[in-house]
Amino acid sequence: MLPPIADRFVAGESADGAVAHVHALDDAGIGAIVNHLGEHYDDPADARADTEEYLRLLERLPATDPPATMSVKPSQLGLGVGEDAFRDNLDRIVEVAAATDTFVWIDMEDHTTTDATLRAYEALADEYDGGVGVCLQANLRRTPDDVARLADTPGRIRLVKGAYDEPAELAHRGGAAVDEAYRDLLRRLFAETSVGIAVATHDDAMIDLALELGTRYDRDCEFQMLMGVRERRQRELAATETVYQYVPYGSAWVSYFYRRVRERRENLRFALRAIVDS
Ligand code: FDA
């Protein structure tokens, strides 16, 4: 059993909880991005076990509107073991997902994984004609180049501020610099690419800018937020926009929950505000 507070951010320890949550979101017109918690595996058997879990999950995801999706982490699928192991496991998942028209997101981890993650994304986006998406992080200085590189790849890009504590030579540090980078990247995504755009943030200033850019460029985008954070705002936005909620589940919830709190001082405030404001 998940303790209270954790069960606000995590849908349960097994897929049953995640599936029940997907149904509840569907009643509110919100789509699900289901993630089985797990990361940083060194043992190929662990990466294979999580791959199997995703394949079982694919059989259980209910039909919803908007359609349920999944999100996987490269280090969970074996990137720490080697790029080939990661690619083999991801390929298996995407192949089965494509057969049921289930969209697969690839989370982005720290900067040491970016190149391998983008290589995997580009290969699969071409092979499955846009059935996959990848996360890009506004805090990384390289991301404008990555947006240009992926501008016409047939897939979706999820733009986030970035959850990892990166060195200053590689990343903008501090809220204002990251916010400015996020705004700039949103403009580039709308003005200079043909990709599907997912605006993953709880920040109203970024959401408002995305809405404005959508009108200006006559383009749709989807909004994504985390389970347990600003859920009232998610429901309001879903009345007029496509909204997805990231739904983690699994027994490895402790690291998901505490990492957000530990990694950065702002994230402690973030976690506490989520509890107070939702
Ligand atoms: P931030 O934390 O800066 O908050 C901005 C503002 O939003 C606040 O000042 C406040 O106004 C408002 N706000 C935020 N929380 C609030 C609350 N609870 N109540 C009221 N107002 C609130 N990261 C990564 O590195 N790789 C990844 O793959 C992903 N994937 C991912 C998927 C999805 C769907 C989301 C939503 C996020 C991620 N992230 C991620 C995490 C991301 O990088 C980032 O750490 C968090 O989303 C927090 O950043 P925000 O953009 O929400 O803004």
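Helix α11 gives the most to the shell around the ligand, contributing four residues. Helices here are DSSP runs of H or I with at least four residues, strands are E runs of at least two, and both are numbered from the N terminus. The model is a predicted one: local features need pLDDT of at least 70, side-chain atom pairs count only at pLDDT 80 or more, and totals for chains, interfaces and linings use all residues. Residues are numbered from 1 along each chain as its sequence is written.

To stay with the ligand for a moment, α11 (265–277), β4 (132–137) and β7 (222–226) each supply at least two residues of the shell. The residues around the ligand number 24, and D107, V160, T201, H202 and D203 come nearest. A residue is near a molecule when its C-beta atom, placed from the backbone, lies within 6 Å of it. By residue class, the shell divides into twelve nonpolar, six polar and six charged residues. In this scheme Ala, Val, Leu, Ile, Met, Phe, Trp, Tyr, Cys and Pro are nonpolar, Asp, Glu, Lys and Arg are charged, and the others, Gly among them, are polar.

Stepping back to the whole protein chain, there are eleven helices and eight strands. The C-alpha trace spans about 45 × 40 × 35 Å along its principal axes. Buried residues make up 41% of the 278 residues, where buried means 20 or more other C-beta atoms within 10 Å of a residue's own, exposed means 12 or fewer, and partly exposed lies in between, with C-beta atoms placed from the backbone. Of the contacts with a separation of 6 or more, 71% are between residues 24 or more positions apart; two residues are in contact if their C-beta atoms, placed from the backbone, lie within 7 Å.

The axes of α4 (residues 83–99) and α5 (residues 114–127) come within 11 Å and cross at roughly 35°. Such axes are lines fitted to C-alpha atoms, for helices over the stretch in contact, and angles run from 0 to 180 degrees between N-to-C directions. The crossing of α4 past α5 is right-handed, meaning that the near helix is turned clockwise from the far one by less than a right angle. On the α4 side, E83, F86, R87, L90 and V94 meet A116, A120 and L124 of α5. The residues of this contact divide into six nonpolar, no polar and two charged.

Several loop residues are also worth a look. D110 is placed between β3 (104–106) and α5, and counts as partly exposed because 16 C-beta neighbours lie inside 10 Å. Leaving aside residues up to four places away in sequence, D110 touches Y164 and E166. A cis peptide bond, with omega about 0°, joins D65 and P66, and P66 lies in the loop between α3 (44–60) and β2 (69–72).

Two non-glycine residues have positive phi values. H40, with phi near 55°, is found in the loop between β1 (31–36) and α3 and is exposed, with 12 other C-beta atoms within 10 Å. D218, with phi near 50°, sits in the loop between α8 (204–217) and β7; D218 is exposed, with 7 other C-beta atoms within 10 Å.
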